[in-house]
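Here are my notes on the model you asked about. Have the sequence and the 3D view open while you read.

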Amino acid sequence: MAIDQLDDRVILTSESNPKTQLTILNYGATVISWKINSEEQLWLSTAAKLDGSKPVRGGIPLVFPVFGKSQAEGFKDLPQHGFARNSIWEFLGQTKANPPTVQFALSPELANPDVYSKWDKGDNDFTLLLTVELDDQELKTTIEVENTDKKAWKFNWLFHTYLRVDDIEDSLVNNLPGETCYDQIVKETYVDKHPAVDFDKETDRIYKQVPEKKILQVIDKGNVLHNVQRVNLPDVVVWNPWIEKSGGMGDFEPKNGYLNMVCIEPGHVHDFVELKPGESWKASQIISTKNKDIQLLSI
Ligand SMILES: O=P(O)(O)OC[C@H]1O[C@@H](O)[C@H](O)[C@@H](O)[C@@H]1O
């Protein structure tokens, strides 16, 4: 694998196919592009700020130590989704040849001080290690969170993945029926009884404790486009801002871009993970286009 380390980003190119490429910004360690044989798999707003002035609108922003806003002690002052997505991570280099693997790290010294200082008054010592593996048709991102402090603390984690679709109105996400979700639009918890998640309006749901064996599949006109597998990430957020909400976001362009994206966000967000001093926690998201069969596990 060729690795090009530029000032603000790292580009990985597959040796077996030079048209398979991954771009990771140092800012937020945000994957902003993943092309398989020239075909882009992720959605990135054309107005996304890539200069570190604002979290990236698109790609795979990383959410830590809080998902959304929380009134929990130590989290109240943090802005939505925490500080991992607006801190400049350190590129550690290539760590494995096969599958080609690189790593990025974040610790309090590197974290955006304005935001980090709002988490328990900036008093929690931690290390985040992000491992990114690029295979021919698969992207695996693994996070390891370590408590390097002398006291316990807690956190949420989430991969805020913007997947590209041809037309959201022709797309479904399966394997969530039967699961309990908190619907952030109507502010209610219910069991989703639809045969699949479809999209004809703003959608913002947190599915809780979804069994790991359930692969989340984005199905476009009957074809499986993306398979999202999770390791140690029990919750899944499904988000599409639709017309009004995306219209109000200055960094969301083109304005009809909501038709070409769906966020499937594997995370640990319903409950906090608590780590005692010296403990660590590890989780992965695996997105793949290999499997074309619809997985029928639900109901
Ligand atoms: O605009 P932000 O901070 O990137 O958040 C985008 C969306 O992120 C999703 O994860 C949340 O469920 C939504 O409620 C939120 O609107």
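1. **What we are looking at.** This is a predicted model, in which local features need pLDDT of at least 70, side-chain atom pairs count only at pLDDT 80 or more, and totals for chains, interfaces and linings use all residues. Residues are numbered from 1 along each chain as its sequence is written. The chain averages a pLDDT of 96, and 99% of the residues score at least 70; pLDDT is the predictor's confidence in each residue, from 0 to 100. For the complex, the predictor gives an ipTM of 0.98 and a pTM of 0.98.

2. Strands here are DSSP E runs of at least two residues, numbered from the N terminus, and two of them pair if DSSP finds at least two bridges between them.

3. Is β3 enclosed or open? Five of the five residues of β3 (residues 21-25) are buried, so the strand is largely enclosed by the rest of the structure. Buried means 20 or more other C-beta atoms within 10 Å of a residue's own, exposed means 12 or fewer, and partly exposed is in between, with C-beta atoms placed from the backbone. In a regular strand the side chains alternate between the two faces of the sheet. Here both faces are covered, with Gln21, Thr23 and Leu25 on one side and Leu22 and Ile24 on the other.

4. **Partners of β3.** Strand β2 (residues 9-13) runs antiparallel to β3 and is joined to it by five bridges; Arg9 stands opposite Leu25. With β4, strand β3 makes four antiparallel bridges, and Leu22 stands opposite Trp34. The β3-β4 hairpin has five residues between the strands, and there Gly28 takes a positive phi near 75°.

5. **The nine-stranded sheet.** Another open sheet, antiparallel in its pairing, has nine strands in the order β7-β8-β9-β10-β22-β19-β18-β13-β16. Its edges are β7 (90-96) and β16 (197-198); each has a single partner strand, so one side of each is left without a neighbour in the sheet. Within this order, β18 (residues 216-220) and β19 (residues 223-231) pair antiparallel over five bridges, with Ile219 opposite Val224.

6. **Strand β21 and the core.** The largest nonpolar core has 75 residues, and Leu163, Val173, Val262 and Ile264 touch the most other members. Such a core is a set of buried Ala, Val, Leu, Ile, Met, Phe, Trp, Tyr and Cys residues joined through C-beta atoms within 7 Å. Strand β21 (residues 261-275) gives the most to this core, six residues. In the sheet pairing, β21 is joined antiparallel to β11 (residues 153-159) by five bridges, to β12 (residues 161-164) by four and to β20 (residues 235-240) by five. Cys263 in β21 has Tyr162 opposite it and also Trp239.

7. **The ligand shell.** Which residues are around the ligand? They are Pro55, Gly68, Gln80, His81, His160, Gln184, Asp204, Val237, Trp239 and Glu265, taking those whose backbone-placed C-beta atom lies within 6 Å of it. This shell divides into three nonpolar, five polar and two charged residues. Ala, Val, Leu, Ile, Met, Phe, Trp, Tyr, Cys and Pro count as nonpolar, Asp, Glu, Lys and Arg as charged, and the others, Gly among them, as polar.

8. **Two loop residues.** Arg57 sits in the loop between β5 and β6 (62-63) and is buried, with 23 other C-beta atoms within 10 Å. Its contacts (backbone-placed C-beta atoms within 7 Å) are Ser45, Ala48, Asp251 and Phe252, not counting residues up to four places away in sequence. Glu179, in the loop between β13 (171-173) and β14 (180-183), counts as partly exposed, with 18 C-beta neighbours inside 10 Å.

Notes:
Contact = placed C-beta atoms within 7 Å.
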